[in-house]
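Please look at the model below, and then work through the notes that follow it, one topic at a time.

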Amino acid sequence: MLNKLKVATAAGVLGSLAMGLTIVGSSAGASSMTNWSTVQSVSGTKGMAALVAAAKAEGSINVITLPLQGWANYGVIMKDFTKKYGIKINDENPNGSSQDEITAVINDKGRAAAPDVLDVGTSYAVENAKLLAPYKVQTWNAIPTGTKSPTGRWFDDYGGYVSIGCDTAKVKVCPTSFAQLTNPMYKNQVGINGDPTQASAAFSAVFAASLANGGSLNNIEPGIKFFASLNKSGNFVPGGSAATAVAGTTPILIWWDYLQNGIQANLKTWKVIIPTDANYAAYYSQAITADAPHPAAARLWEEYLYSTVGQNLFLQGYARPIELASMIKAGTVNKTWLKLLPASPKGVTTYPTLPQLAKAKATVAANWASEVGAAG
Amino acid sequence: MTTTPDTANSPRGVGGRSLTARAALWRHTRTFVPVLPFLAYVALGLGVPTYIIANLAFRTRDGHLTMHNLSVITSGGQYLLGFETSIKLAFVTALIPGVVGTLIAYAIAQSEHESFKRVIAAAAGVFANFGGVNLAFMFVAALGPAGIASGWLAHLHLNPWSHGWSLYKFSGVAVVYMYFQVPLMVLVITPALNGLRPQWREAAANLGASKWQFWRYVGLPVLMPPVLGSMFLLFGSGFSAYATTEALTGGTIALTPIQIGSILQGNVISGQENVGYALGLGMIVILLVSVIAYALLQRRTSRWLRP
């Protein structure tokens, strides 16, 4: 772990050294000779115009693992981008995972089909920083510090809170906290979306449960213990998913608040609550690959995602865009969509640092099966 | 290459020998050439991936040689537990369906209705290949806590859920595996049962053997190698099954294939790819050991069959 962080830092230092060189490149942005793969920012109307022209000349962009329906509104976002710029989007492996993205970047290196841009869990971006190109979008300062790499190799895009979804047709009184989930009336009803050693939503549910049960960002173990006791009492149903929620085998499902609306589309009686005793949120990260076959289109995609339009479209998909706070302040946020979000929890949301995340992941990988499974 | 200069220049006698040698070479070529596409297929589909996995299992992410990955998976903790549970599950779901499947296949083989046999063979082929998330959902709908069959059984006061059984635990997963393992056994053992000729039984009866004696001295010894071989096939099938268990248990049962999936395809464990390859190598070794054990066993049990 420590070694990997060192690698990431080293890559960061190299990145900042390179930055001095490429800002020169971007000032000559209007020239058709610009090597966009080394451009680390564009400035002003003129810079954007050059970027748009170059991206249009490339004609297409390779994205990866962006689901076509639901999931932070990516389907609508991709359509709108193509409509606006006439750039075709090739979406590889729409339902893939963060690791699938990294594997594709490594295996497809040098091919025309290699991914240009990524949407990954932050730790995947950090550990693979050398595969990523530094770039800072024009709204860089609106992205809170700590949710972006200082050199611009990755930057968070959207996220949300761990929430409890509940089918009011099957559950008489919906639980509003982790503590209530232990009530015997919820026997065989509580699911989490997937396997915490594979799905980040399920992993986050364990982290949130830990916070609700005396744990901390340094200690996820109480969360594992919580699910072990839930499994022992028979309330926990392993292998939950949106499908089991709709089918009724997990009428209570712990999942990201912004993804629960996918269940609502099929189940009008589905209600979403952010638990009162756990304030846990996480964001995904954007990144441009270092060997992007369409370097200009990749940079334009990021500029688009971090424009008011792009950020509001995430919001339309019930996800909280990373620039939300600054958009509320500036009055550029879409208020209709903002109102539809489930109420955010009281207090300040704190995020695990990367070492805290790594530690928690290792703990879950080591103990999930042996403790929760054994408790059954 | 023409043959004329060779025969023309060779001293008398030697020409004859070289002709024989060439004939032998030709015989060998005739034996080997048709197998070449298969060998190439095996090399590409099995050899190359195995080499890549074995190689990466001993590398760091930066490509340096290391024993670290191997020591991670063999030094206790979740990965050893994964191998243990996987082997246990594969063993149980090879042994029980192996016996049950053989009995069913034998019963079917005794039937005189050819069309019935064909229907069963086709059905077994379909069921044996039914798996994955669909199978998991089917069982949740039937035998889940709110499943239809669970409801029927509850009426008979036999609801397995109220007797400590759970679809989401080891015993539940084992039951689900039977669904495809039993038909698989029927499918692969039927040809061997057809090879058990009725004449042998008649001959044994003519010599005064009882039914028990026939099975003890003729039937079982003849069937043992194919039955054991098929069970090894079932072991492999149970050992590597993945999607069904993952959908049912959400990782609460430690299985090596699921752990590999978490590492190579997940959203949580990052940067451990080479440990995943080491786990893959471990699975290959276990399957290899079982295949070699089978080969030795078969050599022993089928010794008397050799001319």
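The C-alpha centres of domain 1 of chain A and domain 2 of chain A are 30 Å apart, in a model that is predicted. Domain 1 of chain A covers 2-159 + 282-339, while domain 2 of chain A covers 161-281 + 346-375, and such bounds come from an automatic or database domain assignment. Residues are numbered from 1 along each chain as its sequence is written, and chains are lettered from A, with ligands numbered from 1, in the order in which they are written. Because this is a predicted model, local features need pLDDT of at least 70 and side-chain atom pairs count only at pLDDT 80 or more, whereas totals for chains, interfaces and linings use all residues.

- The contact between the two domains of chain A takes 11 residues from domain 1 and 11 residues from domain 2, where two residues are in contact if their C-beta atoms, placed from the backbone, lie within 7 Å.
- On the side of domain 1 of chain A that touches domain 2 of chain A there are six nonpolar, five polar and no charged residues; here Ala, Val, Leu, Ile, Met, Phe, Trp, Tyr, Cys and Pro count as nonpolar, Asp, Glu, Lys and Arg as charged, and the others, Gly among them, as polar.
- Chain B is divided into domain 1 (18-57) and domain 2 (75-305), and the centres of these two domains of chain B, taken over C-alpha atoms, are separated by 32 Å.
- Five residues from domain 1 of chain B and six residues from domain 2 of chain B form their contact, and the side belonging to domain 1 of chain B divides into four nonpolar, one polar and no charged residues.

**Where chain A meets chain B**

- The contact takes 34 residues from chain A and 29 residues from chain B.
- Helix H4 (98-107), helix H5 (122-127), helix H6 (200-212) and helix H14 (354-375) of chain A each supply at least two residues to the side of chain A that touches chain B, and H14(A) gives the most, with eight residues. Helices (H or I, at least four residues) and strands (E, at least two) are DSSP runs, numbered from the N terminus.
- By class, the side of chain A that touches chain B has 11 nonpolar, 18 polar and five charged residues.

**Strand E9 of chain A**

- Strand E9 (residues 281-289) of chain A is largely enclosed by the rest of the structure, because eight of its nine residues are buried; a residue is buried if 20 or more other C-beta atoms lie within 10 Å of its own, exposed if 12 or fewer, and partly exposed in between, with C-beta atoms placed from the backbone.
- Strand E3 (residues 117-121) of chain A runs antiparallel to E9(A) and is joined to it by five bridges, with A:Leu118 having A:Ala287 as its bridge partner. Two strands pair if DSSP finds at least two bridges between them.
- Strand E4 (residues 132-133) of chain A pairs with E9(A) in the antiparallel sense over two bridges, and the bridge partner of A:Leu132 is A:Thr289.
- Five bridges also join strand E5 (residues 155-167) of chain A to E9(A), again antiparallel, and A:Gly159 stands opposite A:Tyr283.

**Confidence in chain A**

- Chain A averages a pLDDT of 89, and 91% of the residues score at least 70; pLDDT is the predictor's confidence in each residue, from 0 to 100.
- Over residues 1-31 of chain A, pLDDT stays under 50. Where pLDDT is low, the predicted coordinates should not be read in detail.
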